[in-house]
Amino acid sequence: MAVIINYKKCCWKDGECSSCGCKGSSKKCNGCVEVCPVNALIRNKLVEIVPDKCISCGACVEACPKIAIKLVN
Ligand code: SF4
Ligand code: SF4
């Protein structure tokens, strides 16, 4: 399984939360990145996945309020 991020839906743009439908305060998305148990998601200009670390647990999919993350085969 692989994590796919839909960057049109994701609120994290250009290094900050653009709309904050996530769980954090207005400038800090506390969605997918914080719930990942193996630190496979990182915030840069966009949220990025480190595929080699991901264990396909699905926690980020559950956490994302924007339905911007999918796990696909
Ligand atoms: S939780 Fe969803 S909207 Fe928030 S940064 Fe992660 S993918 Fe984007
Ligand atoms: S599926 Fe689990 S391990 Fe993979 S990025 Fe999402 S939270 Fe992290």
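Predicted model: local features only at pLDDT ≥ 70, side-chain atom pairs only at ≥ 80, totals over all residues.
**Cysteines**

I looked for disulfides and found zero in the structure. A disulfide would be a covalent bond between the sulfur atoms of two cysteines. I then checked how far some of the cysteines are covered. Cys10 has a relative accessibility of 10%, so I put it down as buried, the cut-off being under 20%. Cys11 is at 3% and counts as buried.

I looked up Cys64 next. It lies in the loop between α2, residues 59-63, and β6, residues 69-72. With 14% relative accessibility, Cys64 is buried.

**Ligand 2**

Where does ligand 2 sit? I found ligand 2 in the second largest cavity. There are 14 residues around ligand 2, and Cys36, Cys54, Cys57, Gly58 and Cys60 come nearest. I sorted the shell by type: twelve residues are nonpolar, two are polar and none is charged.

**Positive phi**

I went through the backbone angles. Most residues other than glycine have a negative phi. Asp14 is not a glycine, yet its phi is positive, about 55 degrees. I placed Asp14 in the loop between β2 (12-13) and β3 (16-17). Its relative accessibility is 58%, which is over 50%, so I noted Asp14 as exposed.

Ile67 also has a positive phi, near 50 degrees. Ile67 belongs to the loop between α2 and β6. Is Ile67 buried or exposed? Ile67 is exposed, because its relative accessible area is 64%.

Definitions and conventions:
Residues numbered from 1 in each chain as written. Chains lettered and ligands numbered in written order. Heavy atoms only, no water. Disulfide = S-S within 2.5 Å. Buried < 20%, exposed > 50% of the residue type's maximum accessible area, 1.4 Å probe, protein only. Near = heavy atom within 4 Å. 1 Å grid on protein atoms, 1.4 Å probe; cavity = no way out; pocket = protein on both sides within 12 Å on 5 of 7 lines; lining within 4 Å. Sits in = over half its atoms within 2 Å of the grid points. Nonpolar A, V, L, I, M, F, W, Y, C, P; charged D, E, K, R; others polar. Helix = DSSP H or I, 4+ residues; strand = E, 2+ residues; numbered from the N terminus.
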